[in-house]
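Subject: Handover of a structure, with notes

Dear colleague,

Please find below the structure that I am handing over to you.

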Amino acid sequence: MTRRAVVLHAAAAALLAISPPAATRSSGQQSTQYDQLYGTPVDVSITDLAQNPEAYYERAVRTRGRLEVLPGVRNAYAMRDSFGATVQIAPVEEVRGHFEQEALGMIGRDIDITGVVKPIGDMAATQRDPGASRVAILFWSYQGPPEKVAPDILKKAAVEPDPDKQAALYASAD
């Protein structure tokens, strides 16, 4: 196993060991216990997280990127933006099972996540491999891409108007 694979494996294991409290809703609002712990999520790009991670450590963020699988590590994921910046991601325990069931269908596609930013790895490893992520997001909320609908299903859904039903509709309106 290469040094990078060992670092990735250790980072993934560390993320999985963190277990924040369960999400709760109060009085019908979207406020969660995570908001109380980490603040209201701020929208941030993956590039911003990669270039200035210290500004976001232990803060709630919302971001969007292409879901990828980390090589050599089971059930370890990353997100990449259009500029090539990456962050590692891991679901909290409450969403882990559901996310892992859906993840295979979302690989290579854009997803949105909300979670807390955590530091990973050491600076020496990052300097040796500038592409290595120094930050990870432990997320409690995600939204995958919209379902793709096959063109033949769309054709079946398109209904041609029935002249008899239209005539009856206009007659009943009189």
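The notes below set out what was found, beginning with the basis of the values.

This is a predicted model, in which local features need pLDDT of at least 70 and side-chain atom pairs count only at pLDDT 80 or more, while totals for chains, interfaces and linings use all residues. Residues are numbered from 1 along each chain as its sequence is written, and side-chain values use heavy atoms, with hydrogens and water left out.

The nonpolar core

The largest nonpolar core has 30 residues, and those with the most contacts inside it are Ile 89, Phe 99 and Ile 137. A nonpolar core here is a set of buried Ala, Val, Leu, Ile, Met, Phe, Trp, Tyr and Cys residues joined through side-chain atoms within 4.5 Å. Buried means under 20% relative accessible area, exposed over 50% and partly exposed in between, with a 1.4 Å probe and protein chains only. The elements that give two or more residues to this core include α4, β4, β5 and β6; helices (H or I, at least four residues) and strands (E, at least two) are DSSP runs, numbered from the N terminus. The largest share, 6 residues, comes from β6. Among the residues in contact with Ile 89, leaving aside its neighbours within four places in sequence, are Phe 99, Ile 137 and Phe 139; contact means heavy atoms within 4.5 Å.

Strand β6 and its partners

Of the 9 residues of β6, 7 are buried, so this strand is largely enclosed by the rest of the structure. Strands β4 and β6 run parallel and are joined by 4 bridges, two strands being paired if DSSP finds at least two bridges between them. Pro 91 has Phe 139 in β6 as its bridge partner. The pairing of β5 with β6 is antiparallel, over 8 bridges, and Pro 119 has Val 135 in β6 as its bridge partner.

The aromatic residues

The structure holds 6 aromatic pairs. Rings of Phe, Tyr and Trp (its six-membered ring) pair if their centres lie within 6.5 Å; planes under 30 degrees apart count as stacked, over 60 as edge-to-face and the rest as tilted. The pair of Phe 99 and Phe 139 is edge-to-face because the planes of the rings stand at 75°, with the centres 5.0 Å apart. This pair links distant parts of the chain, 40 residues apart: Phe 99 lies in helix α4 (residues 93–106) and Phe 139 in strand β6 (residues 135–143). Phe 139 also forms an edge-to-face pair with Tyr 142, at 6.1 Å centre to centre and 75° between the planes. Phe 139 is buried, with a relative accessible area of 0%, and Tyr 142 counts as buried at 16%. Tyr 77, Phe 99, Phe 139 and Tyr 142 form one aromatic cluster.

Val 92, in the loop between β4 (86–91) and α4, is buried, with a relative accessible area of 1%. Within α4, the buried residues are Val 95, Arg 96, Phe 99, Ala 103 and Met 106. Just after α4, Gly 108 takes a positive phi of about 85°. Gly 108 is partly exposed, with a relative accessible area of 44%, and touches Arg 66 and Leu 67, not counting residues up to four places away in sequence.

Yours sincerely
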